[in-house]
Each structure stands twice: as structure tokens, then as C-alpha cells.
Amino acid sequence: MASRKKPNLKLHVPEESIVPVIPPANLDTRTTITIGDKTFDVEADDLEKICDLGRGAYGIVEKMRHIPSGTIMAVKRITATVNTQEQKRLLMDLDISMRSSDCLYTVQFYGALFREGDVWICMEVMDTSLDKFYAKVYKHGKSIPEVALA
Ligand SMILES: Nc1ncnc2c1ncn2[C@@H]1O[C@H](COP(=O)(O)OP(=O)(O)OP(=O)(O)O)[C@@H](O)[C@H]1O
């Protein structure tokens, strides 16, 4: 069998861009968001749903407009029940979002807030996601290069 050269799929993330962030112990019903040079307060009541973006194992993701500023964002809504496993999962999700907020290869995390027991994670909207894009690529008989997938 011919030997295949292993592709270099390592992503190079500069050390200084990895900033450890501790998830907030008390999420509030509002959060302060900074996008570029604009900073504003976001309250769940100021967010209106535009459409559904998708559904994950622990929450639904919706495209929303922050009415006062006109900012469009993706909001992942996770129902916080008393189930500790779910709480853990939720905090892990938040933690990952926050930790990776400076990574070039992930969406920008804007902030999180509590809404009637649910946690809303606000983030940058992607043009598409791998699950949707992959289906299009496959339909056209194409493939995604491994380096892009990595
Ligand atoms: N920032 C975003 N912009 C656009 N679409 C998004 C965004 N985040 C999630 N989605 C869409 O919503 C779907 C569900 O997202 P979610 O993060 O909940 O999925 P998951 O990682 O597959 O699930 P889970 O983390 O619950 O196991 C995604 O597959 C994607 O299609």
C-alpha cells in the first residue's frame, strides 16, 4: 500500500490570544456587548426574533435583531432546569464560547444573559454552518478540503 503523507492540520493560535475567562457566577437579565467600536446594553426584551438558525442537543439558535441598535446576532437559548448535568453542560458551553472569543476561527461571543430561567448566549451570525454547507457541497458532488475542515 502506498504511504500517504499526513497533512498538517494544526491550527496555529498565537499564545497571547488565549485568554482564560471565568464564566460569570451570576448572569444578569442584561449584558453589555461590544462590537467593533460600539458598546451597548442588551436586554432580552429588546431582542426580536427574525428566524430560526438551527437546533442543537441543548438549545435552539435564532437570528435576532437588537431593536435599539439594529444589530443582528445569533442567540442560542438554553433552558436551565434544575438538572445538574444540564447546568454543567450550559456552563461548559458558555465557557467555551467565552474562551474562544479571541480565536480567528470561531464566531465572536458577544455576551450572555438570563431570561426567565433560560440562558441566552449572544454571538456573531455565521453566513452558514458546516451542517448546512456540507449538504450543499455534497449535492454538487464536491468535497471540502481537509485543511478547511480542520
Ligand atoms: N452563530 C451562528 N450563526 C448561524 N447559525 C448558527 C450559529 N450557531 C449555531 N447555528 C446553527 O444552529 C445549529 C445548532 O447550533 P448548536 O450550537 O446548538 O449546535 P450543536 O453544537 O450541534 O449542538 P450542541 O452544542 O447543543 O450539542 C447549528 O448546527 C447551526 O446550523
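# A predicted protein–ligand complex, from fold to ligand shell

The protein chain contains three helices and seven strands. Along the sequence these elements follow the pattern β-β-β-β-β-α-β-β-α-α. The model is a predicted one, and the predictor assigns the complex an ipTM of 0.93 and a pTM of 0.75. Over the protein chain the pLDDT averages 79, and 75% of the residues score at least 70. Residues 21-25 are a stretch to read with this in mind: their pLDDT stays under 50, and the model has six contacts for them beyond four places in sequence.

Two totals describe the packing of the chain. Of its 150 residues, 17% count as buried. Among contacts with a separation of 6 or more, 52% are between residues 24 or more positions apart.

The next topic is the core. The largest nonpolar core has 16 residues, and the members that touch the most others are Val75, Ala112, Trp120, Ile121 and Cys122. Strands β5, β6 (109-115) and β7 (118-123) are the elements that give two or more residues to this core. Around Trp120, the contacts beyond four places in sequence are Ala44, Val75, Arg77, Ala112, Leu113 and Arg115. Two of these partners, Val75 and Ala112, are also listed with Trp120 among the core members that touch the most others.

Gly111 lies in strand β6. Gly111 counts as buried because it has 22 C-beta neighbours inside 10 Å, where 20 or more are needed. Apart from neighbours within four places in sequence, Gly111 is in contact with Thr31, Thr32, Ile33, Val42 and Cys122. The C-alpha atoms of Gly111 and Val75 are separated by 9.7 Å, while the two residues are 36 places apart along the chain.

Strand β2 (residues 38-43) can be followed through two of its residues, Glu43 and Lys38. Glu43 counts as partly exposed because it has 15 C-beta neighbours inside 10 Å. Lys38 has 9 such neighbours and therefore counts as exposed, the limit being 12 or fewer. Leaving aside neighbours within four places in sequence, Glu43 is in contact with Thr29 and Arg30. The C-alpha atoms of Glu43 and Arg115 are 8.8 Å apart, across 72 residues of chain. For Lys38 and Asp93, which are 55 residues apart along the chain, the C-alpha separation is 25 Å.

Strand β5 (71-79) leads from the core to the ligand: this strand gives two or more residues to the core and supplies at least two residues of the shell around the ligand. Within β5 is Lys76, where UniProt, in an unreviewed entry, places the feature "binding site". Is Lys76 buried or exposed? Lys76 counts as buried, because 22 C-beta neighbours fall inside 10 Å. Its contacts beyond four places in sequence are Gly59, Val61 and Ile121. Of these, Ile121 is one of the core residues that touch the most other members.

The shell around the ligand has 18 residues, of which Gly54, Gly56, Ala74, Met126 and Ser129 come nearest. By residue class, the shell divides into nine nonpolar, four polar and five charged residues. Besides β5, the elements that each supply at least two shell residues are β3 (47-55) and α2 (130-139). The largest share, three residues, comes from β3.

Helix α2 therefore contributes to the shell while lying largely in the open, since the number buried among its 10 residues is zero. Phe133 and Ile144 are 11 residues apart in sequence and 9.5 Å apart in space, C-alpha to C-alpha. After α2 comes Gly141, which has a positive phi, near 65°.

Technical notes: Residues numbered from 1 in each chain as written. Predicted model: local features only at pLDDT ≥ 70, side-chain atom pairs only at ≥ 80, totals over all residues. Near = placed C-beta within 6 Å. Helix = DSSP H or I, 4+ residues; strand = E, 2+ residues; numbered from the N terminus. Nonpolar A, V, L, I, M, F, W, Y, C, P; charged D, E, K, R; others polar. Core = buried A, V, L, I, M, F, W, Y, C linked by C-beta atoms within 7 Å. Contact = placed C-beta atoms within 7 Å. UniProt positions renumbered as here; feature names shortened; annotations may be inferred. pLDDT = per-residue confidence, 0-100.
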